[in-house]
Amino acid sequence: KLTADFAEWDVSGSSLLFFAPYQPFMLQSSEDLHGIALHFHSDFFCIHQHQKEVACNGVLFNNVYQAPVLPVSPAEMDGFQEWVEQMKPEIQQTALAQHELLVSYLKIFLIRATRLKHAQQQSELQETTDRRKYEVAQELKEAIETHYRVMHSTSDYADLLRVSSKVLARITKTCFNKTITALISERIVIEAKRELYMTSKTVKEIAYLLGFEDEFYFSRFFKNNADVSPQVFRETVGFARAEPVRGSAPNHLEVPD
């Protein structure tokens, strides 16, 4: 059982699990779990900056609409493990172009995973039986992506999509396994993290950009959802931080057998 953010998912067989910096998660199992944890700091490889090349942001990482789980076949897992085995000796010894080679391996790993995720999404779409329910879920997803900076309540989106709040809540739970509030909050936090990482804007400026008039309310909101304050996030992860990194806040990939 995987618990991540505001939802739970069942995980079985070979799977890849993807987590962003400071994204809380917990794995529970009646049996021992075996796997590989692959951590990389955004200073080493930034998924935001390499989005055009790899396209994993919003698909593997920072995807509030789907589970951070990618089931893979044993044969596919063998392929991923081969790339991990290629990385190990490079990590253990310093050699010419070490960083470039490791980034190349990591890119291939993420591109292959992104392709699999896209293929599974298309398969799930074709298997959807309740077309109207799926259509409303997609409309909600698009509405949040368009309006999350200014619309923060369930009723706002229910009015926009012309459905009742109760109906929309049921559809959201069925399709995304989360509440509408959770989807909106996570989307806001993802954008806040991007602004904290990529820009030198003040917390007050970012709060205003995301529809918060009160900087301190925004800071509390961010900490409640990200487990750290905006300033701590910037100091440990942010590209535009003013101080040296005081601790590692890596992207996190678990690969259970």
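1. Over the whole structure, the search returns 12 salt bridges.

2. On the basis of the values: residues are numbered from 1 along each chain as its sequence is written, and side-chain values use heavy atoms, with hydrogens and water left out. Because the model is predicted, local features need pLDDT of at least 70 and side-chain atom pairs count only at pLDDT 80 or more, whereas totals for chains, interfaces and linings use all residues.

3. Helices here are DSSP runs of H or I with at least four residues, numbered from the N terminus. R194 is partly exposed at 29% relative accessible area, while E191 is buried at 6% (buried is under 20%, exposed over 50%, partly exposed in between, with a 1.4 Å probe and protein chains only).

4. E195 takes part in two further contacts of this kind, one with R194 at 2.8 Å, N to O, and one with K201 at 3.1 Å, N to O. E195 is buried, with 3% relative accessibility, whereas K201, at 31%, is partly exposed.

5. The structure holds 2 cavities of 30 Å³ or more, where a cavity is a set of points, on a 1 Å grid over the protein atoms alone, at which a 1.4 Å probe fits but cannot get out, and lining residues have an atom within 4 Å of a point.

6. Of the 23 residues lining the largest cavity, D5, Q23, V64, E186 and I190 are nearest its centre. Helices α7 and α9 (215-226) each give two or more residues to this lining, and α7 supplies the largest share, 4 residues.

7. The second largest cavity has about 150 Å³ of space, and among its 14 lining residues P21, H48, N62, F233 and V237 are the closest to its centre. Here α7 and α10 (230-237) are the elements giving two or more residues, with the largest share, 4 residues, again from α7.

Definitions and conventions: Salt bridge = Lys/Arg side-chain N within 4 Å of Asp/Glu carboxyl O. 1 Å grid on protein atoms, 1.4 Å probe; cavity = no way out; pocket = protein on both sides within 12 Å on 5 of 7 lines; lining within 4 Å. Points joined across faces, edges and corners; volume = space filled by probe spheres on them.
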